[in-house]
Amino acid sequence: MSGGPGSDVTRWLLTASERGNPHTAIDDEHPGEQAWSTGNSVRPLVDGATYFEELFRTIEATRAGDLVLFAGWRVDADQQLTDDPSSTLLEVLDRAEDRGVQVRGLIWRSHTEQLDFSAEDNREVAEELADEDDEHAEVLLDMRVRRGGSHHQKFVVVRHGDDPSRDIAFVGGIDVAHSRRDTSDHRGDPQQQALAEEYGPSPGWHDVHCAITGPAVADVETVFRERWDDPSPLTPALHSRLRDRLSKVQHEPTPLPERRPAPPPVEGGTHVVQVLRTYPHRHLRRRYPFAPKGERSIARAHLKAIEQARHLIYLEEQYLWSSTVSLALAEALSANPELHLITVLPHRPDLSGMAELLQLEGRFEALKQLTEAAPERFAAYGIENHAGWPVYVHAKVVVIDDWYATIGSDNVNRRSWSHDSELAALVVDDAGTDHSPFARSLRLRLAAEHLDRPLSGEEHEAAMADCVPAAGMFTAYADAAARLQEWRDGGMLGRRPPGRLRAVREPDIGRWPRRVLEVPQRLLGDPDGRPSELRRRHVY
């Protein structure tokens, strides 16, 4: 498998052994050490409105004999997928059930609402969809996680009984929940989830998902089936189990419909897709049967790619806060004098109070480490809309040297790399000779949005030519951010310059507060889910 002379795409992928989890079935259908599928087509879905509209069309087109599987960290039953009031998630899935579609869901049970989580919202979906008189739907509230952890995976799989070529999987960072249905203008979702007041009355939300067709759909389905078939109790809490029995919520899974063969390769599909995951190490009887020592293939793939980086690492990232993880990025910058690193982050955390301070402590240390490694080749930016409000960056995208590209639920921190459950799609386009066209087009599409340039077509290609080289992209971001900041500092007189980027100005909460918060941040914000032998060796 090669896209041309010198373009061995497998060097960006993990072998089955490198995945480090022989107990999973995810690679069983792949030959030998191959841990990926070929012949796929993957499309980035940038920002929630784009994803929700396609998800709406896909589920509305399902018929009797089809199967819809979904997993989420947060799910809101009344979230509209389009402007149509009848497009709420609950109504869309209810209509699918009425047509004879089999619907199965795995939703994180969540911590208490008093900690600003979504326990009751998630329970509402499970209760509304899991009507005892309906044999077509079943939703589980899944708390099979480490203490303080979460099921953070966000994906949907749709299998079609009569036409497997239409099978599709949606993978990325977007939950079907309030605030996510925003466009690339970032004026906000009409259905809002409260954020910190700095984000304004209608917070913009920047995020990325992807649509996968081809054999890789079966690999994403395996992720769902392994979790569904886990025989351990859905929750260790007795009061939760009692509440489930007294309500409509299923307290244990019933068997899934029989598995179908993988979809056929897409005609002309050149995308190699590897499904990467995080599962924590859980003890004794609570171990995952499909990952008894956990799985850290996301961390392993990222670290393998970072070691090979020579030109540009581009991150869109919600939580860059682990100095232990950012050390690998800092070492790559120090070792490679031509390497640039750009990261797009939220200007401020989404919550106020102690949660905000913990995030700021972790992020301060990571950004300090990267800045010291390469002050002229590292830059961190936040984005704002044209009304001047900061936009919350929830995306989780990694693009390295225009070959390696992942879209997923994982952040670049120890929690995502070892402690919560996560899912990412690694895509390498086999059609390229000196780069992966998928990776480059994803990077330039995101850059065009932040620079206020055309998002598609011939105009897009011409407008983004200066950003193709790593140094050109670095300069374009720096210049756009400087012009916007100068305009703001000058009293916003005259026409607003194009672009939405501003340098992240990390508030220093002070030396002693940072020291006081360091241990709580490591234990609560950024816990370690690795087995003890890996912790001792400082490897994933």
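Start by selecting Pro-44, which counts as partly exposed because its relative accessibility is 30%. You are looking at a predicted model, and this proline sits in strand β1, which covers residues 37-46.

Now show what surrounds Pro-44. Leaving aside residues up to four places away in sequence, Pro-44 touches His-209, Cys-210, Ile-407, Phe-438 and Leu-442.

The mean pLDDT of the protein is 91, with 92% of the residues at 70 or more. Residues 2-6 are a stretch where pLDDT is below 50; this stretch has ten contacts in the model beyond near neighbours in sequence. Where pLDDT is low, the predicted coordinates should not be read in detail.

Next, turn to the aromatic rings. The structure holds 15 aromatic pairs. Select Trp-417 and Tyr-540 for one of them: the ring centres are 5.6 Å apart and the planes meet at 85°, so this pair is edge-to-face. Which parts of the chain does the pair tie together? Trp-417 belongs to helix α10 (residues 414-419), while Tyr-540 is in the segment after α15 (532-537), so the parts joined here are 123 residues apart in sequence.

For another aromatic stop, select Tyr-51, Phe-52 and Phe-170, which form one cluster.

From there, move to the loop between β6 (168-172) and β7 (204-206), where you will find Ser-179. Its backbone is worth a look: phi of Ser-179 is near 80°, a positive value in a residue other than glycine. Is Ser-179 buried or exposed? With 1% relative accessibility, Ser-179 counts as buried.

Stay in the loop between β6 and β7 and pick His-186. His-186 is not a glycine, but has a positive phi of about 60°. The relative accessible area of His-186 is 1%, so this histidine is buried.

Finish the tour on the surface. Select Val-519, Leu-523 and Leu-524, which make a nonpolar patch of about 320 Å². Zoom in on Leu-523, placed in helix α14 (residues 511-525). Leu-523 counts as exposed because its relative accessibility is 60%, over the 50% cut-off.

Definitions and conventions:
Residues are numbered from 1 along each chain as its sequence is written. This is a predicted model: local features need pLDDT of at least 70, side-chain atom pairs count only at pLDDT 80 or more; totals for chains, interfaces and linings use all residues. Side-chain values use heavy atoms; hydrogens and water are left out. pLDDT is the predictor's confidence in each residue, from 0 to 100. Contact means heavy atoms within 4.5 Å. Patches are made of residues with over 30% relative accessible area and no salt bridge: like charges are joined within 9 Å, nonpolar side chains (Val, Leu, Ile, Met, Phe, Trp, Tyr) within 5 Å. Accessible areas come from the Shrake-Rupley method with a 1.4 Å probe; for residues, only the protein chains shown count as cover. A salt bridge is a side-chain nitrogen of Lys or Arg within 4 Å of a carboxyl oxygen of Asp or Glu. Helices (H or I, at least four residues) and strands (E, at least two) are DSSP runs, numbered from the N terminus. Buried means under 20% relative accessible area, exposed over 50%, partly exposed in between (1.4 Å probe, protein chains only). Rings of Phe, Tyr and Trp (its six-membered ring) pair if their centres lie within 6.5 Å; planes under 30 degrees apart count as stacked, over 60 as edge-to-face and the rest as tilted.
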